[in-house]
Amino acid sequence: MPEHSLRVEPIPALKDNYVWMFETAPRHWAAVDPGEAEPVRRYLESHSASLSHILLTHHHHDHIGGVEPLRRQFGPRVIGAARDRHRLPPLDIAVQDGEQVEMGRWKAEVMAVPGHTLGHVVYRVQDALFAGDTLFRFGCGRLFEGSPEQMWESLLKIRALPDATQLCAAHEYTLSNFQFACFLEPNNTDLQGLLPEIFQQTDQEQPTMPWPLGKEKQYNPFLRADQPAFASTLGLSGQGAAQVFASIRKKRNSF
Ligand code: ZN
Ligand code: FE
């Protein structure tokens with residue numbers, strides 16, 4: 001691990017969510033997308049710590065459900081997208097694309113990534129990327145509000161980040177996404193070769209993230225919609241990247 005690497009901890013919550021935690025000051029932690037309060041509370045108690053900040057990526061209930069109980073108990077500063085103020089819990093700091101927020105010893109950099117929802121943002125803290133429901137291992141979020149063009153643009157912004165960026169997504173979908181990726185490319189031997197490693201990770205029910213973004217650039221089908229060879233495998237030669245992306249996303253919905 002490089003020295004600037006942020007230590008992050010995924011706390012399992014609800015069915016398959018992760019609440020990502022990191023330390024902002026001695027005995028103070030931040031929580032990303034606390035869909036549920038109880039596991040976060042237990043985590044803080046076991047570390048004799050308090051909650052200094054909550055970062056929200058978007059307004060869906062499995063990402064904000066724990067905010068109010070945690071606010072009452074710990075009084076954290078709640079950070080979320082200004083444009084989604086009307087449907088997020090009350091915000092102490094409302095942020096926009098490109099802004100930076102000070103959080104104890106760290107700065108969080110905000111990137112707007114419309115697609116899953118129109119107000120979705122992701123946060124970069126040191127080398128960690130808190131991606132919410134925008135990018136998963138081998139996958140991406142469903143398009144509830146945005147167009148394929150918007151989501152593709154958002155994924156391109158994420159793809160431009162350094163390979164060493166650590167992907168911290170809000171759901172454990174790695175196994176099913178991997179199966180879908182293999183279904184798309186049955187002849188991609190590099191991809192199929194990952195099978196033992198993925199099974200090993202998911203069998204033990206351990207979180208499969210943080211995970212280097214560089215590997216996602218290599219294997220995540222949703223980040224490869226502009227590769228001519230990949231489009232040709234899918235029978236989509238000559239189509240624009242956003243169209244190829246839209247077609248993969250559609251296939252995933254019915255997989
Ligand atoms: Zn969501
Ligand atoms: Fe979600």
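Predicted model: local features only at pLDDT ≥ 70, side-chain atom pairs only at ≥ 80, totals over all residues.

Residues are numbered from 1 along each chain as its sequence is written, chains are lettered from A and ligands numbered from 1 in the order in which they are written, and side-chain values use heavy atoms, with hydrogens and water left out.

Let me start with the metals. The zinc ion (ligand 1) is coordinated by His58 through NE2, His60 through ND1, His116 through NE2 and Asp133 through OD, at 2.2 to 2.3 Å. Donors here are N, O and S atoms within 2.8 Å of the metal (3.2 Å for Na, K and Ca); water is not among the atoms, so sites may look incomplete. Along the chain, the zinc donors follow the spacing H-x1-H-x55-H-x16-D. Both His58 and His60 are buried, where buried means under 20% relative accessible area, exposed over 50% and partly exposed in between, with a 1.4 Å probe and protein chains only.

The iron ion (ligand 2) is coordinated by Asp62 (OD), His63 (NE2), Asp133 (OD) and His171 (NE2), at 2.1 to 2.3 Å. Its donors follow the spacing D-H-x69-D-x37-H. His63 has 0% relative accessibility and therefore counts as buried.

How far apart are the zinc ion (ligand 1) and the iron ion (ligand 2)? They are 3.2 Å apart, and Asp133 coordinates both.

What of the geometry? The four donor atoms of the zinc ion (ligand 1) make angles of 87 to 174 degrees, and the site is irregular. For the iron ion (ligand 2), the angles among the four donor atoms are 84 to 166 degrees, and this site is irregular too. By the criteria used, four donors count as tetrahedral if all angles lie between 85 and 135 degrees; four count as square planar and six as octahedral if opposite donors are over 155 degrees apart and all others between 65 and 115; anything else is irregular.

Pro34 lies in the loop between strand E3 (28-32) and helix H1 (38-46), and is buried, with a relative accessible area of 0%. Helices (H or I, at least four residues) and strands (E, at least two) are DSSP runs, numbered from the N terminus.

Turning to the sheet, six strands form an open sheet of mixed pairing, in the order E7-E8-E9-E10-E13-E14. Its edge strands, E7 (100-103) and E14 (211-212), each pair on one side only. Two strands pair if DSSP finds at least two bridges between them. E7 pairs with E8 (residues 106-112) in the antiparallel sense over four bridges, and Glu102 stands opposite Lys107 in E8.

Finally, helix H4 (residues 148-159) and helix H10 (residues 241-253) pack with their axes 9 Å apart, at an angle of about 105 degrees. Axes are lines fitted to C-alpha atoms, for helices over the stretch in contact, and angles run from 0 to 180 degrees between N-to-C directions. H4 and H10 are therefore roughly perpendicular to each other; angles under 35 degrees count as roughly parallel, over 145 as roughly antiparallel, 65 to 115 as roughly perpendicular and the rest as oblique.
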